[in-house]
Amino acid sequence: MPVTDVRVDDEGIHARSGREVILDVCFDGRRIWSFWLHRDGAALDGGHLVAWPDSLRAFLDGATRLSLNEHGSETPVYDEEVRLGAGEGRISVTDKQGNPLALDKDNRRVKTFAGRSAEHVAPLMDAIDEVITALGKVGIEGFLAYGTLLGAVRGGRLIGHDSDADLGYVSRHSEPADVVLESFRIQRDLTALGYRTTRYSGSAFKILVEESDGSLRGLDVFGGFMRDGHLHLMGEIRAPFERDWIFPLGTATLEGREFPVPADTDRFLSITYGPSWRVPDPAYKFETPRSTARRLSGWFRGIRTSRKEWDRAYASGSFDRGGGPSDLVRWIAEQEPDLGSFVDVGCGRGRDVAAMVAWRGVPALGLDVHGRSFRRQETQHAANDSVRFWTFNLLERRHHAAVAAYTGLALPAHRVVAARHLVDSIAADGEPMARLAELGAALAQGGSGRLYVEILSTWGSDGYPERHRLVRAVDPVEVERALQTAGARVLQRQLVPVSAEPGASVTCRIVADWPSAGSSTGGEA
Amino acid sequence: MSIKDRLSRAAGGASHADLERRVAELEAEVQECRNVNLRVAELTDLVTQLLVPLASGDQKKVRELVDGYHAGL
């Protein structure tokens, strides 16, 4: 049954098809985006409307030859000159350097492998080689996995619509805690070799590799293990499997080089992509059984709650640029005449840290989960050894420990810890307030300092929460309860409307300390 | 006999809603147990990699150790 009634406008792509189809969207002959018509569309007028993804909308201002192909077919179901927005020129989906962009399966803008020269992928091939060698040095036999394995086995090439490379390994351990510890150790070893890494879960992390044009490419390392006759591989696999189907590893050719792969690639790809793995499908998404997702999430996940939204925010480069110190840090400066040091948890661009250093000249530490967010301030303070900016994940206790140790060494009392719009920028299931209270207890114990928390308590109609990318309003009672559970004494609570306009959002400031034993006198709020 | 009937009989005649509630509770409890794995690994890692070496180093080495531990996170 054919795809009919195709119409393209500023809303999106309208089409009708009795069966589910994958459609590739090309602008001037280059694939930009793929979608499933039924899965990704909204039913409308007997057909489906697939709205333009937000990540693409910014480019849709001008003309293009838009063709729509059912995936795997050479014959377009639609091929017309279209005009979107009010622009006069050709639509160009490129980054600032002019590199062609496309959307990946999660509709993120990526530089895809399609159209990239061998020279461009050589550093990634080098990195795969080097990382597999590095894994070997610590007794881990790494192999190509997921889309990278699929590309190698199918045609010896990186898949054109893919944007990163995936490696896997199967641990000798079978207890999840041991698998996590091993993954920590591997990441540490790779860091020592000079790689930049970021952790995704207890058993997966990403290595960032610089390509010849200066762009960064991700290389994901997924930990796996055998347990109860099943292969478990982060992120989505749990299937009956034999160790002999993986070891001894075989080899496959990728971009002209030999790399290790599981012994039985057919079985391996079948549990990853289903028995039809030989047929290309760029819009493929894992359909993970609920029991598998629960197992892997229970054992390994929970450290990246709301992270995607922040990845996107800082990916733009222009987010939260400009502006001065916050009202909160000005208020803290007034409240704290005897400040000894300052810690800003979730410091973003780092302006409050810079302001406090400028005003008071105290040692300071800016913490944010995005290393790129504070880069400018980090560079400006590079010569000042008492001012540090660290990447920090509130949801990982090892990060707490590192910060607590550094604080003990380098940040004298009276220590002020600020957390402005941190708890309300992480969804409740990440339990950010409980984690922040634990961190506060570690940094301000025994009366050595105070914690200042600012949250959005009323979600107004003024656009304030959206501008700050907040995910929820937080009940101040929830904050106080978490603080008290962590042994804190709440000293102050203050509601602060962000403006005098009707419908204004309201923030709440809560100040707490951890008095030394015997001096606790209860709240003064 | 249907599965539903068998389940109901096995549960001593408990209602469907009751069983759903108990399954949800059990699932939550299983997840709690699973969650401990990551926590145990985190704590083990920082004890072996940070606390034990901290206890035996001088100030300069301690600072290097803390920086190094943070870099590897």
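**Loops, sheets and chain contacts**

Me: Where is P248(A) found?

Reply: P248(A) sits in the loop between β17 (237–240) and β18 (250–254) of chain A. Helices (H or I, at least four residues) and strands (E, at least two) are DSSP runs, numbered from the N terminus. This is a predicted model, in which local features need pLDDT of at least 70, side-chain atom pairs count only at pLDDT 80 or more, and totals for chains, interfaces and linings use all residues. Residues are numbered from 1 along each chain as its sequence is written, while chains are lettered from A and ligands numbered from 1 in the order in which they are written.

Me: And the peptide bond from F247(A) to P248(A), cis or trans?

Reply: Cis, with omega near -5 degrees. Another cis bond joins A413(A) and H414(A), with omega about -5 degrees. H414(A) lies in the loop between α12 (397–410) and β23 of chain A.

Me: What is the phi of D5(A)?

Reply: About 55 degrees, positive although D5(A) is not a glycine. D5(A) belongs to strand β1 (residues 4–8) of chain A.

Me: Why does D5(A) count as partly exposed?

Reply: Because D5(A) has 13 C-beta neighbours inside 10 Å. The cut-offs: buried means 20 or more other C-beta atoms within 10 Å of the residue's own, exposed means 12 or fewer, partly exposed is in between, and C-beta atoms are placed from the backbone.

Me: What about the phi of D28(A)?

Reply: Near 45 degrees, again positive in a residue other than glycine. D28(A) is in the loop between β3 and β4 (30–36) of chain A. With 15 C-beta neighbours inside 10 Å, D28(A) counts as partly exposed.

Me: Which way do β3 and β7 of chain A run?

Reply: Antiparallel: 5 bridges join β3 (residues 22–27) to β7 (residues 62–70). Two strands pair if DSSP finds at least two bridges between them. D24(A) has N69(A) in β7(A) as its bridge partner. β7(A) also pairs with β8 (residues 76–84) of chain A, antiparallel over 8 bridges. There, G62(A) is bridged to L84(A) in β8(A).

Me: Next topic. What is the strand order in the open sheet of 7 strands?

Reply: β22-β21-β20-β23-β24-β26-β25 of chain A, with mixed pairing. The edge strands are β22 and β25 (489–497) of chain A, each pairing on one side only. Twist averages 15 degrees from one strand to the next. Axes are lines fitted to C-alpha atoms, for helices over the stretch in contact, and angles run from 0 to 180 degrees between N-to-C directions.

Me: How many bridges hold β25(A) and β26?

Reply: 8, in the antiparallel sense, with β26 covering residues 506–513 of chain A. P497(A) stands opposite V506(A) in β26(A).

Me: Which helix packs on the sheet?

Reply: α13 (residues 432–443) of chain A does, touching β20, β23, β24 (449–458) and β26 of chain A. The direction of α13 makes about 165 degrees with that of β23(A).

Me: Helix α10 of chain A: mostly covered or mostly open?

Reply: Mostly covered, with 7 of the 10 residues in α10 (351–360) buried. Among them are R351(A), D352(A) and M356(A). The cover includes α9 (327–335), β20 (341–345), β21 (364–368), α11 (375–380), β22 (387–391) and β23 (415–420) of chain A. G361(A) follows α10(A), with a positive phi near 65 degrees.

Me: How many residues of chain B are in contact with chain A?

Reply: 21, facing 25 residues of chain A. Contact here means C-beta atoms, placed from the backbone, within 7 Å. α2(B) gives the largest share of chain B's side, 13 residues. That side divides into 11 nonpolar, 6 polar and 4 charged residues. Ala, Val, Leu, Ile, Met, Phe, Trp, Tyr, Cys and Pro count as nonpolar, Asp, Glu, Lys and Arg as charged, and the others, Gly among them, as polar.

Me: What else does chain B have?

Reply: 3 helices and 0 strands. Buried residues make up 16% of its 73 residues.

Me: And chain A, how many helices and strands?

Reply: 15 helices and 26 strands. Of its 525 residues, 43% are buried. The C-alpha atoms of chain A fill a box of roughly 75 × 60 × 45 Å along the principal axes.

Me: What is the mean pLDDT of chain A?

Reply: 90, and 94% of its residues reach 70 or more. Over residues 520–525 of chain A the pLDDT is below 50, and this stretch has 10 contacts in the model beyond near neighbours in sequence. pLDDT is the predictor's confidence in each residue, from 0 to 100.

Notes. Contact = placed C-beta atoms within 7 Å.
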